[in-house]
Amino acid sequence: MQPVICQPAANPSLFTAEGMVGLIFLFLIATVITGALIATMARRLIRAVAGLAVCFTGVAGIYYFLLSPFVAMMQMLIYVGAVSILIAFAIMLAEPEYKDPIGRKNPPLAGPLGFSVGALFFAAFTLLGLNTDWQVFPREGTGDMHHMGITLLTTHSMVFELISIVLLIAIIGALVVARRGRD
């Protein structure tokens, strides 16, 4: 089944197909941002992992929205399914409450400095996105599983290997965290 690509309307409205597509895209962006905020601001690690899983799910939705169902499925399997669950198991096996033996506190300028650096990166990427002459590449293949399997093992084999390395690093990190919790 070929995806339907809508042409932009002269007067877009929320009650048209273009308006609904825009609304879905904004919902996916809001899901990613909400998950990222939960992941970074949660005091408990297990809530941070849940926020990370929400963020990964939103990213998978964006992949699906961009007509890459295979990459969206891989995102769900690898990041939401494997990495998030692995981190959750590592947290469960580690020490229940981490207490800093020294009693360190964050420096008073850490929050504003982090916010400033984030705002600087956001402004730089926004300017880069607005000033770039984006090219639309023609779509190759049909995007089905057979074609994706062939391209993953031939053209994009390096990406396939990098996914394996990401999973290996996640497993090693989870084992290190779990072992540290038993000491």
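In the predicted model, helix H2 (residues 45–65) and helix H3 (residues 69–93) have axes that come within 8 Å and cross at roughly 175°. Because angles over 145° count as roughly antiparallel, H2 is roughly antiparallel to H3. On the H2 side, the contact is formed by Leu45, Ile46, Val49, Leu52, Ala53, Phe56, Thr57, Val59, Ala60, Tyr63 and Tyr64. These residues meet Pro69, Val71, Ala72, Gln75, Met76, Tyr79, Val80, Ser84, Ile87, Ala88 and Ile91 of H3. Classified by residue type, the contact of H2 with H3 comprises 19 nonpolar and three polar residues, with no charged residues.

The loop between H2 and H3 contains Leu67. The phi angle of Leu67 is near 65°, a positive value in a residue other than glycine. With a relative accessible area of 35%, Leu67 is partly exposed, since this class lies between the limits of 20% for buried and 50% for exposed residues.

The unreviewed UniProt entry places the feature "transmembrane region" at residues 20–38, 45–66, 72–93, 113–130 and 150–178. In the model, the span of residues 45–66 is 95% helix and 0% strand, and its end C-alpha atoms lie 31 Å apart. For residues 72–93, the corresponding values are 100% helix and 0% strand, with the end C-alpha atoms 30 Å apart.

A further site of interest lies in helix H1 (residues 17–41), where Thr31 is located. Thr31 has a relative accessibility of 18% and therefore counts as buried, the limit being under 20%. The side chain of Thr31 reaches the backbone oxygen of Phe27 at a distance of 2.8 Å. When neighbours within four places in sequence are left aside, Thr31 is in contact with Val54, Cys55 and Gly58.

At the level of the whole protein, the model contains six helices and zero strands, and the elements run α-α-α-α-α-α from the N terminus on. Of the 183 residues in the protein, 17% are buried, Thr31 being one of the residues in this class. Among contacts in the protein with a separation of 6 or more, 56% are accounted for by residues 24 or more positions apart.

Notes: Residues are numbered from 1 along each chain as its sequence is written. This is a predicted model: local features need pLDDT of at least 70, side-chain atom pairs count only at pLDDT 80 or more; totals for chains, interfaces and linings use all residues. Side-chain values use heavy atoms; hydrogens and water are left out. Axes are lines fitted to C-alpha atoms, for helices over the stretch in contact, and angles run from 0 to 180 degrees between N-to-C directions. Helices (H or I, at least four residues) and strands (E, at least two) are DSSP runs, numbered from the N terminus. Angles under 35 degrees count as roughly parallel, over 145 as roughly antiparallel, 65 to 115 as roughly perpendicular and the rest as oblique. Contact means heavy atoms within 4.5 Å. Ala, Val, Leu, Ile, Met, Phe, Trp, Tyr, Cys and Pro count as nonpolar, Asp, Glu, Lys and Arg as charged, and the others, Gly among them, as polar. Buried means under 20% relative accessible area, exposed over 50%, partly exposed in between (1.4 Å probe, protein chains only). A polar contact is a pair of N or O atoms within 3.5 Å; within protein, one must be able to donate a hydrogen and the other to accept it, and residues adjacent in sequence count only if both atoms are side-chain atoms. UniProt positions are given in the numbering used here, feature names are shortened, and annotations may be inferred rather than shown by experiment.
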